[in-house]
Amino acid sequence: MINRKRQGTQLKFKTMLYCVLLILVSSCKDRSTAHTAFYFWKTVFQLKPGEKELLRSAANNRLYLRFFDIVWNKQELQALPNGVIAFKESVSALSITPVIYITNQSLQQTAPSGIDSLAFKANRLLVRLAAENGIVYKDIQIDCDWSVSTKTRYFAFLRAFKRYNRKKLEATIRLHQVKYPERTGVPPVDKGLLMFYNMGKISAALNVRNSIYNPEDAAAYIAALPHYHLPLDVALPAFSWAIQIRADKVVQSYAKISLAELSNPQNFEQISSGSLSVPAFTALKSFYLKGVYVKTGDVFKFEGTDHEILAAAAKQVSAYLAPLNNRTVIYYEISSVNLLPLYAKDIKEISAHF
């Protein structure tokens with residue numbers, strides 16, 4: 001009888017302990033105030049059904065939409081818009097933040113006296129595109145990998161753009177710009193967007209770390225994050241690429257080629273080596289793969305992310321970020337997710353780290 005009472009007491013205690021643990025885990029997740037969003041980076045806006053569902057269920061229809069690039073036109077000898085987005089469907093159900101990408105070359109080639117005019121024209125085009133497509137927005141993001149030599153012009157561009165548009169302005173921040181702010185400067189914007197990917201150079205070597213994300217390269221930069229003088233949203237890499245190598249030289253990288261296609265034993269043989277940090281494959285014959293000419297003996301490295309890798313990246317960077325309510329976690333980019341694949345539950349679990 002005593003043993004039964006003791007067993008019953010132990011069972012009740014274990015049940016209570018289990019419930020307490022569940023409450024603690026749930027409350028930890030509930031404390032996350034981060035919002036989830038996706039990038040869309042194509043020139044024609046048209047979402048596939050699966051992309052629409054993922055955007056709705058994982059991100060509450062929040063989308064960072066690239067409107068156009070600003071590039072240096074060698075014929076016109078001026079910075080001009082390029083790749084202006086064309087809308088093939090309505091965006092009325094979406095919460096959109098317009099994005100403008102400006103190349104470093106366009107800043108290098110534009111005279112300081114022309115920066116204000118460039119900002120005025122960029123804002124005019126953005127306002128027109130938004131009005132024509134019924135897009136109401138609160139924030140704008142400017143994407144530029146500026147350099148020490150262009151920071152003065154870029155920051156002048158941002159100030160002028162803000163003066164013309166008067167919306168909240170966000171600028172993308174690369175890891176090297178976080179680590180060396182005294183050299184690269186801190187852009188005059190309301191918020192930064194930390195691009196937590198593209199951490200190494202694309203290489204023909206097979207034994208190098210994943211250039212999209214790896215914790216070793218990231219560790220060299222993130223210690224500076226708590227001291228950065230801007231509140232930071234975060235962009236994580238929900239994409240992959242296959243790097244084509246011929247005669248020990250990189251030919252090109254292709255986001256459209258998936259790991260499943262490289263794993264086809266009729267076309268490729270996987271290279272088995274304990275020194276490889278990413279999967280690599282040798283072409284068994286010459287053929288075309290999604291419009292890409294593959295020659296016998298070509299090597300393809302596959303670099304990408306998955307749920308486990310993204311969770312590790314989120315955990316690593318979130319530990320160093322200064323606290324911020326309502327941080328946005330943006331995944332680049334929605335049309336690439338189906339190649340990984342990632343699902344709404346994966347995205348929600350990863351964003352809960354912030």
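Before you click anything, here's a term you'll need: a salt bridge is a side-chain nitrogen of Lys or Arg within 4 Å of a carboxyl oxygen of Asp or Glu. Side chains of opposite charge can pair when their charged atoms come close. You're looking at a predicted model, so local features need pLDDT of at least 70, side-chain atom pairs count only at pLDDT 80 or more, and totals for chains, interfaces and linings use all residues. Residues are numbered from 1 along each chain as its sequence is written, and side-chain values use heavy atoms, with hydrogens and water left out.

**Stop 1: salt bridges.** Select Lys162 and Asp190: they form a salt bridge, with the closest N and O atoms 2.7 Å apart. Lys162 sits in helix H5, while Asp190 is in the loop between helix H7 (181–184) and strand E9 (191–195), 28 residues apart. (Helices are DSSP runs of H or I, at least four residues; strands are runs of E, at least two; both are numbered from the N terminus.) Lys162 is partly exposed at 28% relative accessibility, and so is Asp190 at 36%. The cut-offs: buried is under 20% relative accessible area, exposed is over 50%, and partly exposed is in between (1.4 Å probe, protein chains only).

Next, pick Arg163 and Asp116, whose closest N and O atoms are 2.3 Å apart in another salt bridge. Arg163 belongs to helix H5 (residues 151–165) and Asp116 to helix H4 (residues 115–132), so this pair ties together parts 47 residues apart in sequence.

Now try Arg128 and Glu132, a salt bridge at 3.0 Å between the closest N and O atoms. Both lie in helix H4, four residues apart, about one turn of the helix. Arg128 is partly exposed at 43%, whereas Glu132 is exposed at 53%. How many salt bridges are there by this rule? The count is twelve.

**Stop 2: the sheet.** Show the strands E12-E11-E17-E14-E13: in that order, these five form an open, antiparallel sheet. Two strands pair if DSSP finds at least two bridges between them. Strands E12 (249–254) and E13 (268–270) are at the edges with a single partner each, so one side of each has no neighbour in the sheet. Zoom in on E14 (residues 280–283) and E17 (residues 299–303), joined by three bridges. Ala280 stands opposite Lys301 in E17.

**Stop 3: confidence.** Colour by pLDDT, the predictor's confidence in each residue, from 0 to 100. The protein chain's mean is 91, and 91% of its residues reach 70 or more.
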